[in-house]
Amino acid sequence: MCHYVSSKDESIFSKESLMSTKPGKDIVKQALFKSKGYKQFDKYKKEAEEELPKFTKRFAEDLFKQIKSDNNPAETQEKFATEVGSTEIVLERSQIATVKKRLEDYNVLLDRVTRILNSNFVKMTFPVFSALYDASSQHFGDTQDAKRKTDLIDGHIIAIDLSEPMDRIMDKDEDVEYLDDYKLMNPYILQIARAKIAIGGEDVLAEFERGFKDARVGQYVDFKLKMKPKDITEEAMIECYKKYRAVMGTAGKNMALARLPLGEIFYLGMAKAAESVGCGNEIEDSIKNKFVKVPSWPLYYTMLTNDVQKGFEFTMKKAEMYLGEARLALELLPEEFSHRDFLEFLFLTVEHYNSFWFNQLQKQKLWSDFNSKLPR
């Protein structure tokens, strides 16, 4: 096994899987010759693997304190429902006391935290934020501030992680027995993320709030399309993809402490790479669930062409377009930028991820399965 990249499903990045795609072969070659991009990537990946258990512990302890010290959890739930614009993702008053009592056992809470952190999105973004932060502080000649770096990265990872329990509550497709616990946890997760991100200063917090609002718009459009899949349009899909663009783009921008032009370039690169991964994710989910994900680009293109296979082929083209825009952002970086090779290597891993799942799809020939379950 060559673990070049962190992912929940490590087999995607095994030597065998890498050799099955063109970008994967490039990754193997760079690893063999220990290219600058590979070396930088490997360093941050190893660092992130060491950091993740410490981060998990910090996160669980902060969450534990917040939950234990809250004297009015009902009000906390109500405020959160108002902010997010949905009553479905909070507990009914009658459930609060029982759930709070359960989560006041640290080991129970740690278990729930570990569950929501077991996400590709979290594992793959940890090393990226660290690299972007270092590159930016080198570029601007900042004085070293380890606490600020840790807080900013923690805050954004926690904010990204909030989408895990929220998605699981909305989709009811995994961890069904823990959804009530997640409902109680969500408002506190957001509070912790905000407090940590605020350490980056007013501009950084303002960017986060803007991104968080956009991500909620995306989530809402996603939810509406689940109810009425035939309403899918390109416009709606672009809105829906705000959930990727806003979350990752904003985090990228904030690793440069929202300073221009670097912050905007990071925003572009991360937002577009995340949208590209979104396409691969839709292919992966469709294979695993044996139906075309709703809503998704494969569904949109299938509706237009009346051909499931073509729907997925066009989705791959869309993924390549997004990645092309991410690579365009690299060309905008300053001449002497220290982490360009790292980012080029990162985008190769995105390309491999997408190609890998597309190849799996070709092999599994699920077309008639997909066809029979299309929204009519």
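Reader: What should I know before reading the values?
Author: This is a predicted model, in which local features need pLDDT of at least 70, side-chain atom pairs count only at pLDDT 80 or more, and totals for chains, interfaces and linings use all residues. Residues are numbered from 1 along each chain as its sequence is written, and side-chain values use heavy atoms, with hydrogens and water left out.

Reader: How does one find empty space in a protein?
Author: Rolling a probe the size of a water molecule over the atoms shows where empty space is left. On a 1 Å grid over the protein atoms alone, a cavity is a set of points where a 1.4 Å probe fits but cannot get out, whereas a pocket is an open set with protein on both sides within 12 Å along at least five of seven lines. Lining residues have an atom within 4 Å of a point. Grid points are joined across faces, edges and corners, and a volume is the space filled by probe spheres set on the points.

Reader: How many cavities of 30 Å³ or more does the structure hold?
Author: The structure holds 1 cavity of that kind. The largest cavity has a volume of about 60 Å³.

Reader: Which helices supply its lining?
Author: Helices (H or I, at least four residues) are DSSP runs, numbered from the N terminus. α13 (262-289), α15 (308-331) and α16 (340-364) each supply at least two lining residues of the largest cavity. The largest share, 4 residues, comes from α13. Among the residues that line the largest cavity are Leu132, Phe266, Met270, Leu330 and Phe347.

Reader: What is the lining like by class?
Author: The lining of the largest cavity has 10 nonpolar, 1 polar and no charged residues. Here Ala, Val, Leu, Ile, Met, Phe, Trp, Tyr, Cys and Pro count as nonpolar, Asp, Glu, Lys and Arg as charged, and the others, Gly among them, as polar.

Reader: And the second largest pocket, what is its volume?
Author: The second largest pocket has a volume of about 350 Å³. Of its 23 lining residues, the closest to its centre are Glu47, Ser130, Lys149, Thr150 and Ile153. By class, the lining of this pocket has 7 nonpolar, 5 polar and 11 charged residues.

Reader: Which helices contribute there?
Author: α3, α7 (120-140) and α8 (146-171) each supply at least two residues of the lining of the second largest pocket. Its largest share, 7 residues, comes from α3.

Reader: Where is the kink in α3?
Author: A kink of about 35° lies at Glu51 in α3, shortly before the proline Pro53. The bend at a residue is the angle between axes fitted to the seven residues ending there and the seven starting there.

Reader: Changing topic, is Lys196 buried or exposed?
Author: Lys196 counts as buried, because its relative accessibility is 11%; buried means under 20% relative accessible area, exposed over 50%, and partly exposed in between (1.4 Å probe, protein chains only). Lys196 is in helix α9 (residues 179-197).

Reader: What does its side chain contact?
Author: The side chain of Lys196 makes a polar contact with the side chain of Asp62, at 3.4 Å. A polar contact is a pair of N or O atoms within 3.5 Å; within protein, one must be able to donate a hydrogen and the other to accept it, and residues adjacent in sequence count only if both atoms are side-chain atoms.

Reader: How many residues of α12 are buried?
Author: In α12, 13 of the 14 residues are buried.

Reader: What comes just after α12?
Author: Leu257 takes a positive phi of about 50° there. Leu257 is in the loop between α12 and α13 and is buried, with a relative accessible area of 12%.
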